[in-house]
Amino acid sequence: MTVPTIQTAGLTKGYGDICALKPLDLQVAEGEWLSVMGHSGSGKSTLMNLVGGLDRPSGGSLSVGGQDLSALSEDGLARFRREFVGIIFQQHHLVPYLSAVENVMLSQYFHSVPDEAEARLALERVGLGHRLKNRPGELSGGEQQRVCIARAIINSPKLLLGDEPTGNLDHKSTVMVLELLKELRAEDRFTVVLVTHNEEVAAWGDRTIYLDDGVLVREERLRS
Amino acid sequence: MFAAKLLPQLFAFFGIAAVVLRGYPERRRPLAVSVGAGFAVGAAVAFFLFRNFPGSFPFELIRTVVGASFFLFWGIAVTALYRSSERALPDASGRSSRLDAVAAPVIALGAAVTAGALAACRFSGNDAPLGPVPALVLLLVIGALLAAAGFFLEAKLPEALTVSRAGTLGGVVALLLLSSSYLVRLDLFSPLSMKVMKGCHDFVHQFMESVLIPDHLFVRPQIWGYIGILFSKEVGFWGGMVIWFTPFLLVAIAVRFELLPSVGHIRQGAQRRKLLAAAIRQRRMKLIVPLLSLVLMAGAAYRSSFPDVEYWDPKPIPVAADPSGDVFIPRKGGEVDLSDGKLHKYLLKGGAREVRFFVMLTPTGKLTVDLDACAICKPDGYGQGEGSVICYYCKTLIPLETVGKPGGCNPVPVAFSEKPDGVHINGVTLVNAWSTTVQSTGAKKEGGK
Amino acid sequence: MKRFLNVLWAALSSRALTPVVIGFFFLAYIVIAFFTEEALITLIGLTGHSLLLGMVVALLPLNAACRIVAEALRFRKGRRLLTRPETEPDPALFDEVVALDPSPAPSLADFQKRLAAAGYRSRMVGERLAAWRGVSLAPVRVVFLAAVFCLFAGILISVQGRVVSRQSIIEGEPLPTVTGNGGVVERITLQDGTGSILRKELIIKVGAGGQGGAREFGIYPPGLMDGAFVYPRYLGVAMEYQFSAPDLPLFRRAVVLPLYPPGREATEELSGSPYRITYVVERPEDGSDPYATGKFNLGFKLIKGGDVVLTGRVPGGGEFVRDGYRLAIPDARRMVVTDYVRDYGVILIWWAGFLFLFGILAWLPMRLLAPRREMFFTPDGGSVRGWSRSEGRGRKHAAIFHEILDLIATPRSAATQVEE
C-alpha cells in the first residue's frame, strides 16, 4: 500500500483568535490532482501554505511525503520546501530583470546548483524553447505562467501546489496551462494541489474539496 | 603569568586532538586515548632529555622533529595535489582505509608526543615555577583533561565540517609550529628565512653562471637592481613565507581540484544537482581547516618575527686602548663580573671608528671575546636569551656553547689573552676585525629589535 | 618480460616520477645544508661526480620524453575516435562514461542540431555521434614536456660535463686557445649599450690570422670558439711595469690586474723584496671611461712592510721618479678575464626557457577561451553509451552531456524545439 502524499488528522491553524482552518482530516494519494475550492477566507490558501511548508500548523498532524512537518526544524522545513514542493502563484513572482532561463536557474540555485542546459530543457518542455532569453515583461501572461511552471518543476518536486495559477489568464491560456500541467504530471508523476475559485479549472482534477470558513464542507471525486 | 605562557602549547595540543579526531572520525575513541597518552609520553621524554642532556641538544632534537613534520607535510601536500589533478575518481579499493589504519595512530601519537615535549619545554627555563616532577604530573593531568575535552567538544562541531587527510596533517603541523614559535629556542621561521636567503643567493648565482649571463659590470643598474632583490634579506623573508604557507595552499588547491562525483548515470536533473551541490559544499567545508592552518602559520611567522622575549642587552661600556694599543677589561669592576655567564658589551673608539664587542663566560667555562656583529648580517648586535644569544638582525639563535666559534651567524671571535686580573685585547686587532668583517657586510645599523 | 616492460613503462611515463626525483634532491639539499653552508654547490659537485646521482637526474629528461610519447599516443587515440568508426573508446581517456537502455532506440543524428545550438561541432562517424568544441591542450602539454626535457637534459649535461677554463684576452696578443692558434686580438672595444638590458657592450675583435679567420665576440649571447662559449667575466689592465728603488735594482714584470671599474684596487707583490704596489685606474676628470678610451692613468701606492712610502700617478707609457724610486709603465692595454665554457647543456637550458615561455603564452588563452570538450555517443545493440571529457569548463560541458543523455533516455516531443 502506498503512503499518501498528504495526510492530515485534526489539522488546525489559528492566527490569534481567528481560526483559519478547523480540524481537517485529509488524504491525497501519490500522483493525485486535488482541486481546492472555496470563497475568499475559506482557508484554502492556509491549507496550501501548511502543506507547502510555508507555515506551521497550530494543531493536529500533518504529514507530507511521509515527513511530519510539525516535527521538522526550520532548516528541515526549508529543505522540504526546496526539494519536495513546487509552487505556482497567480502573480507569477518572476524576477523582472532576469531572462526566462535565468528565472528557472534561480530556482535551481536555491535548490542546489544552476544548470543552464537543464533549465533550457525545462522551458522547452513547457513550450518556451524559443523564448529562453526573453524577460518576463516581454512574455504574455500565459507564457509567464509557463515559465512559472518550468520553475516549479525544475527541481523535480513530488508535490506541485498551485494558488490560483490561472486566475489572471484568459480562457485559451488557461486551457493551455492546465493541459501542460496534465502532461507534465503524466510524465513526472507528481501530486497536484490546486487552489481555485473556478469550477471549470477545478474540474481538471481527480477530486475537488470545498472549504468554507476553515471547514471541509464537501468532497467530489471526478475521476479515480 | 606562567600559566598564560603555557597557554599556546595547551591550545595547540587541544587543537591537535580536535583535528585528528575530526580527520579520522571512525577511530575517535582509540585516537583520543592515543593523543592523551602521547602527550604524557612526550612530556616525560622531554624532562628526561633536559635532565640527562643539559644544553641545547633537547631543543635541537625537538626543533628537528617539528621541522621534519613540516617537510613531511610538504611531501603530503604535493602528493595530495598530484592525486587531485588525476582524472581518476577517488580510490574505492579500500587501500586508503588500510592506509588510514596506519596513518591515523602514527599522526595522532607523533603529534601528541611532540606537543607534550613542546609543553614541557616551558618548564625548562629558570623561571619555571615547578620542579620537573610536579611539572610532569601537572602536564599529565592537563594532557588527559585536554584530550577528553577534545573528544567531547569535537563531537559538538557541525557534522558537515570535514577535513581531508592532507588537511588533517596540515592542521596538526600548523598547530605544532604555532606552539613552537612561542618558544624562541624552537623557532623555525627565522632559520628557514636565513636558509632560503642563502639558498636563493646560491641558486641565482649558479643559474646566472650556468646560462652565462653577464656580470653586473655589463648590465644596466636598473636591471641589476631587480636581480639584486634576489640577493636581499627580504628574499629570505618572503621566500620563507612562500615555503611556510605554500603546502597549506597546495592542500586547499587539492581540495578545490577534487573531481566532483560522476552523476551521468542519474536521469533526474534535480537529483544530479543535489549530489553535485552536496559535493561542492563538502569541498568547501574541507577548505576550512587548511585556511585556518594558514592563519595559524601567519601567527607563527609573526611570533617568530616579533618574539615576546626580553633579551639581556647591556649598554656598551666605553673603553680605550692604552698607548701600546692594549685594551684591558678587568675581571671584576663596578657592576661587571665577567664570570657571571652574562654578555658584557664594550665600545672601543679608535679615531672615527667605533668597535662594539662583548666578553662573556660560556657554559664550557671559558671566556670569549667577540665582536658584537657577525660576518653575514648588518651589525645590529646580539642579545642574550635562555641558553643562547640572538642576532637581532636575522633572529638566528646561537647556542651559548658555540659562542666564540667562527662561522655562519656566530659573533666574530677576536684573539685575546686572559690574565688573572682580566682580559687583554689588541686594539688594532679589534679595529681590523671590525673593518674587515663588519664594514664589508655593510653599512648602517638597521633597527632589528 | 612483457609485464616487466609494462611496469617499467608505467614508471617511466608516470606523472609522479619528476616530483619524486625533485623531492629527492630537495631532501638531499636539506640534509647537506645541515653540514655545510655551501649546500647547493656541494650538491652540484656530488651530482657531477657521482654516476648514480647522475642517473637519478637522468630520470627527469627520460620521464619527460616518455610522457611526450604517452601524450602523443593519447592524442592519436583521441583523434581516431573522430575519424575512424571502428575505434573503440578507451574509458581511461574520459571523465564520464554512461550506459543507457532507451526505448525506443534514438536516432543520434537528431541531436546534432541541439549540440550545434550549444556551440559544439558534431559528426556522425559510422553510427557514432561525436561532438566537440575548443582546442586540445595536448600539443601545449607536449611543448611543456619538451621544455622540461630540455631543462633537465641541459642541467644533466651541464652538471656532468661542464669544463671551464679561465683566460685573459689581451689586446694585441694572440687569442688564448687550446691549439695556440687563435689569431691576434686586434681590438677590445667597450662602448655604451644601446638596448634596455646591457649598460656596456664589449666587442673583442680577432684578426684573420688565426684559426677560424677574423671574428668578433660580444657579451650576449656568447660566441663560440673551438666548441666553447666565450664568457667575458671581468675587465682589467694588462701592463708591463718597471720598478727600481734605492735598495732594489730594476724589477720588471708583465701582469694582468683586475682594475676595472676605475677606483678598484689591485695589489702586486714584488717577490723577493719588501715592496708591494697597489694600483688603481684613476677616474678621468672629463668623466670618460678609461677602458673605452684606452688611456689608463694609474694611481699607485708603494708599500714597504706596513708603511706607505710613496704615492703617485703614472700614465700608461709614462714613468714616475722621486727620491731614488722609479716606476715606469711602458705598456698598458685592455684585458678581459674570460671563461671558455665547454657546455652544450646551456643551449638546452636556453631552449627550455623559450619553450616554457611559448607554452605559457599558448596555454593561457587556449585554456581560458576555448578548452577542449568532447562527447561521444555510441550505439551498442539497443543501448547507447555516452562518453564525455573536458579540459576546462567541465561543469557546463557535463550539463550539456547530461541533457543529451536525458533526451536519449526519455524522448520527448518538445525536445527538438530549440531556439535558433
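Predicted model: local features only at pLDDT ≥ 70, side-chain atom pairs only at ≥ 80, totals over all residues.
Where chain C meets chain B, 38 residues of chain C and 29 residues of chain B take part in the contact. On the chain C side, several elements each supply at least two residues: helix H2 (17–35), helix H3 (39–49), helix H8 (345–369) and helix H9 (394–409), together with strand S1 (96–100), strand S6 (200–206) and strand S9 (228–245). Sorted by class, this side of chain C comprises 25 nonpolar, 8 charged and 5 polar residues.

Chain B is assigned domain 1 (2–305) and domain 2 (317–441). The centres of these two domains of chain B, taken over C-alpha atoms, are separated by 39 Å. Between them, 9 residues of domain 1 of chain B are in contact with 11 residues of domain 2 of chain B. On the domain 1 side, helix H7 (residues 189–210) of chain B gives the most, with 3 residues. That side of domain 1 divides into 5 polar, 3 nonpolar and 1 charged residues.

For chain C, an unreviewed UniProt entry carries the annotation "transmembrane region" for residues 12–35, 41–70, 138–159 and 344–364. In the model, residues 41–70 of chain C are 97% helix and 0% strand, and the end C-alpha atoms of this span lie 35 Å apart. Residues 344–364 of chain C are 95% helix and 0% strand, with 31 Å between the end C-alpha atoms.

Definitions and conventions. Residues numbered from 1 in each chain as written. Chains lettered and ligands numbered in written order. Contact = placed C-beta atoms within 7 Å. Helix = DSSP H or I, 4+ residues; strand = E, 2+ residues; numbered from the N terminus. Nonpolar A, V, L, I, M, F, W, Y, C, P; charged D, E, K, R; others polar. Domains from an automatic or database assignment. UniProt positions renumbered as here; feature names shortened; annotations may be inferred.
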